[in-house]
Amino acid sequence: MAGKFKYGVSLYSFTDDFGSVMNVEDGFDHVADTGATGIEILGETHVTGYPRPTTQWVDKWFQLLEKHKLEPTNMCSWVDTKLRLSRNLTVEEGAAELERDLNLAHLLGFKFLRPKFGVVTSDLVPDPIWEPAVERVLDLAHKYGIVICPEIHSPTPIKHPVVDAYIEFIERTGTKNFGLLIDTGIFQDRPLPFWPQETPEMRKTALAFLDGIKVNPEEFLDIAKYVVFVQAKFHKINDNLEDENIPWPKVISALKRAGYDGYLSSEYEGRRDPWVAIDQVRRQHVIIRQLEKDFDEGRLA
């Protein structure tokens with residue numbers, strides 16, 4: 001029998017609301033208002049004083065979690081391999097950045113850490129230091145009970161050397177503290193509107209992925225046992241509660257048949273005008289919760 005999803009929201013969804021119509025406390029309120037039980041953050045963006053918040057800030061963090069009955073899910077971080085123009089980070093420096101963020105994630109109660117390494121190609125192949133740097137902090141991740149989970153994000157499809165390398169790492173080390181994070185933007189099968197200043201020529205070349213890389217959701221079943229977290233990326237849900245870019249019935253069906261029972265963490269990445277994201281996240285929760293119910297009751301195959 002398929003497991004039950006857990007529902008969360010990333011505060012990244014409200015990026016342009018912060019500082020205009022929303023503060024972090026408001027963000028907690030809007031996440032809880034969807035009925036979600038999990039909250040996801042960007043460490044550098046949402047933790048005041050990152051990477052060393054004050055005791056008062058940490059106390060407030062846990063007060064808000066308790067008030068809204070939320071649990072910390074995933075903390076997003078970066079390993080800035082291009083920090084210096086003259087050279088890339090060494091393995092030791094990369095491991096130190098991971099250790100820094102593992103310590104913060106543990107302090108705040110997170111169970112997943114998504115590090116984003118600098119990339120060396122347009123299809124998001126990470127800097128080669130990722131593997132030895134991660135291996136150096138696996139014991140610390142194990143001590144904290146945290147799973148390090150790089151994201152599979154458009155334009156990287158599931159059938160790709162990046163994914164193969166992550167799976168080979170899991171198999172070689174036998175670790176339970178490293179897994180895959182799937183960003184559902186890889187399943188986008190219809191184009192996004194043009195960005196401001198974007199030209200048709202740009203869409204044909206560097207930004208071609210904005211038309212969608214159209215990964216077949218059935219491919220999720222091939223890697224499901226390595227997936228520990230899903231960021232439910234989306235861009236626009238219209239007034240008829242139809243997602244204009246992500247084929248949710250196919251995605252939810254594949255996740256359910258694969259037995260996935262982890263978090264679906266809403267990650268809105270559409271129009272950034274204030275208040276829009278709040279409504280869009282609510283719409284997405286209506287859609288994906290109904291689709292899960294339809295699957296469980298036999299109306300979605």
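This is a predicted model: local features need pLDDT of at least 70, side-chain atom pairs count only at pLDDT 80 or more; totals for chains, interfaces and linings use all residues.

Reader: Which helix gives the most to the lining of the largest pocket?

Author: A pocket here is an open set of points on a 1 Å grid over the protein atoms alone, where a 1.4 Å probe fits, with protein on both sides within 12 Å along at least five of seven lines, and its lining residues have an atom within 4 Å of a point. Helices are DSSP runs of H or I with at least four residues, and strands are runs of E with at least two, numbered from the N terminus. With four residues, the largest contribution to this lining comes from residues 276-296, which form helix 11.

Reader: Is Asp 127 buried or exposed?

Author: Asp 127 lies in the loop between strand 4 and helix 5. Buried means under 20% relative accessible area, exposed over 50%, and partly exposed in between, with a 1.4 Å probe and protein chains only. Because its relative accessible area is 4%, Asp 127 is buried.

Reader: With which side chain does the side chain of Asp 127 make a polar contact?

Author: Residues that Asp 127 touches (heavy atoms within 4.5 Å), not counting those up to four places away in sequence, include Thr 81 and Gly 118. A polar contact is a pair of N or O atoms within 3.5 Å, where within protein one must be able to donate a hydrogen and the other to accept it, and residues adjacent in sequence count only if both atoms are side-chain atoms. At 3.1 Å, the partner of the Asp 127 side chain is the side chain of Asn 88.

Reader: Which element gives the most to the lining of the second largest pocket?

Author: Among the residues closest to the centre of this pocket are Arg 114 and Lys 116. The lining takes four residues from its main contributor, strand 4.

Terms used:
Residues are numbered from 1 along each chain as its sequence is written. Side-chain values use heavy atoms; hydrogens and water are left out.
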